[in-house]
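Open the model in your viewer and keep the selection panel at hand. The stops below say what to select next and what is there.

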Amino acid sequence: MPSSPKRPLLLLIQPAQESDRLGTKRRRTTGFPKVTLPLLAAYAEERFDVRIVDESVDDIDFRMKPDLVAVTVLTLTSKRAYEIADAFRKEGVKVVLGGPHVYFFPEEAAKHADALVLREAETAWPPLLKDFLNGDMKARYEGEHLHDMKGLPRPRLELLRRNAYHTVNVIETGRGCPHRCTYCSVTLYWGHTFRLRPIEEVIEEIRSMPPGEIAFIDDNIIGSPRRAKELFRAITPLKRTWASQADLKIARDPELLRLCAESGCRWLFMGLESVNSENIADVGKSRTNPVEEYAASIATIHQAGIKVLGSFIFGLDHDTSDVFDNTVDFCIRNGLAAANFYIFTPMPFTKLFDEMKDDGRILHEDWSRYDANHVVFKPKNMTPEELMEGYLGAYRSFYGTSSILRRTLQHLPRRPLQVLAYNLARKFHYKRFREVCEW
């Protein structure tokens, strides 16, 4: 019986940030993977032998001889992405680049690629693969329209190294966001309206997943409250625990909050951004983030049994040197289970970046440092050095021993050990975190 022809090797790569690769201790684990590469792999499943390398947790073997390499490019990883692309092209391998940075800077990316995928890949990627197999790959493939999210193939999560992540059970139920936050690129890339997957398709995908927590990677799982309620009702019988992102309006809708909790939600990541209402107005979130309602909203969500991981940005135009202590005090006082702190970072394809550049406030254009861990602009009310030191101090203080103990006790009797473990991991990670920021 004749053997089947060998399929070409497709290598899909997620580049790592420079700081993750070049620190004194190489990172080997992370929270959860992005779904982009497993989804691209699903479209190529029958025609290619597919391998995935997430450089955040794995090294790239440049001795490998793939037939085609595809690299997804974010602004902060663009420098590394181009290095990877150039290395493979030097060996005669065809390279495709895609992702948000490629969409916004196609001429720059074209210098490092044989082909570009612009915008969403669902309608551009399959034709590219077909043309490659026929020896007729073009220089550019652009999605004709935003995908309606129906009939997506099941991402090939089995190609990921499971022990490198807290969970590989990542799933997307919708794309887009109706908000127009001035600092955010989500709507520029994904659109201003929600596109939602059929609930029955989401449920079937969840059923196929191995045991363990699920991460819904939507930018706002409750962006459409009516649909969110339907989704939560459908998830409840599956008896799975999950985490996702949402905004504070969940606290104003008792039914939505109850259904969310009953369906297995344990953590919600929330972009609170600032405890200063003037900053909130500046970034366009006054309707979703009324600062005067923060404390009551967080308490309501906690009472439902859901932990809040708050996200805050330092360096906004109304921030002064007291913002760091004020924010940490707020987080501790309100018992946030965890918090992420970021340095305000104007992204290069936004109107805000252009305005700040015209005003002489952009310090440099080294995209590898546009990662929300470095100061890339001139703050209004403090020096760049004060912003960095205050940022590091906020992290150190919030994840200090007394803060951890106080906030853990505030979550009794609902899974306090999970809060304790998460916070201790952040505390012990501080040295590495500081190294990343100072790199």
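Start with the lining of the largest cavity: select strand E8 (174–175) and helix H9, each of which supplies at least two residues to it. This is a predicted model. The cavity holds about 80 Å³ of space. Its lining has 14 residues, and those closest to its centre are Phe194, Leu196, Asp218, Asn220 and Ile221. In the whole model, two cavities of 30 Å³ or more are counted.

Stay with H9 and select residues 225–235. Which of its residues are buried? They are Arg227, Ala228, Lys229, Leu231, Phe232 and Ile235. Now show what these buried residues pack against: strand E9 (195–196), helix H8 (199–207), strand E10 (214–216), strand E11 (242–246) and helix H10 (254–262).

Six strands make up an open, parallel sheet, in the order E7-E10-E11-E12-E13-E14. Strand E7 (170–171) and strand E14 (338–343) are at the edges; each has a single partner strand, so one side of each lacks a neighbour in the sheet. Inside the sheet, select E11 together with strand E12 (residues 265–273): the two run parallel and are joined by five bridges.

Next, select the cysteines. How many disulfides are found in the whole structure? The search finds zero.

Finish with the nonpolar cores. The largest has 111 residues, and the members that touch the most others are Leu12, Trp125 and Phe341. Helix H15 (residues 384–398) gives the largest share of this core, seven residues. A second, separate core has 22 residues, including Leu9, Leu97, Ala109 and Ala113.

Leaving aside residues up to four places away in sequence, leucine 12 touches Leu37, Leu40, Ala41, Val50, Arg51, Ile52, Val53, Ala70 and Trp125.

Terms used. Residues are numbered from 1 along each chain as its sequence is written. This is a predicted model: local features need pLDDT of at least 70, side-chain atom pairs count only at pLDDT 80 or more; totals for chains, interfaces and linings use all residues. Side-chain values use heavy atoms; hydrogens and water are left out. A nonpolar core is a set of buried Ala, Val, Leu, Ile, Met, Phe, Trp, Tyr and Cys residues joined through side-chain atoms within 4.5 Å. Buried means under 20% relative accessible area, exposed over 50%, partly exposed in between (1.4 Å probe, protein chains only). Helices (H or I, at least four residues) and strands (E, at least two) are DSSP runs, numbered from the N terminus. Contact means heavy atoms within 4.5 Å. A disulfide is a pair of cysteine sulfur atoms within 2.5 Å. Two strands pair if DSSP finds at least two bridges between them. On a 1 Å grid over the protein atoms alone, a cavity is a set of points where a 1.4 Å probe fits but cannot get out, and a pocket is an open set with protein on both sides within 12 Å along at least five of seven lines; lining residues have an atom within 4 Å of a point. Grid points are joined across faces, edges and corners, and a volume is the space filled by probe spheres set on the points.
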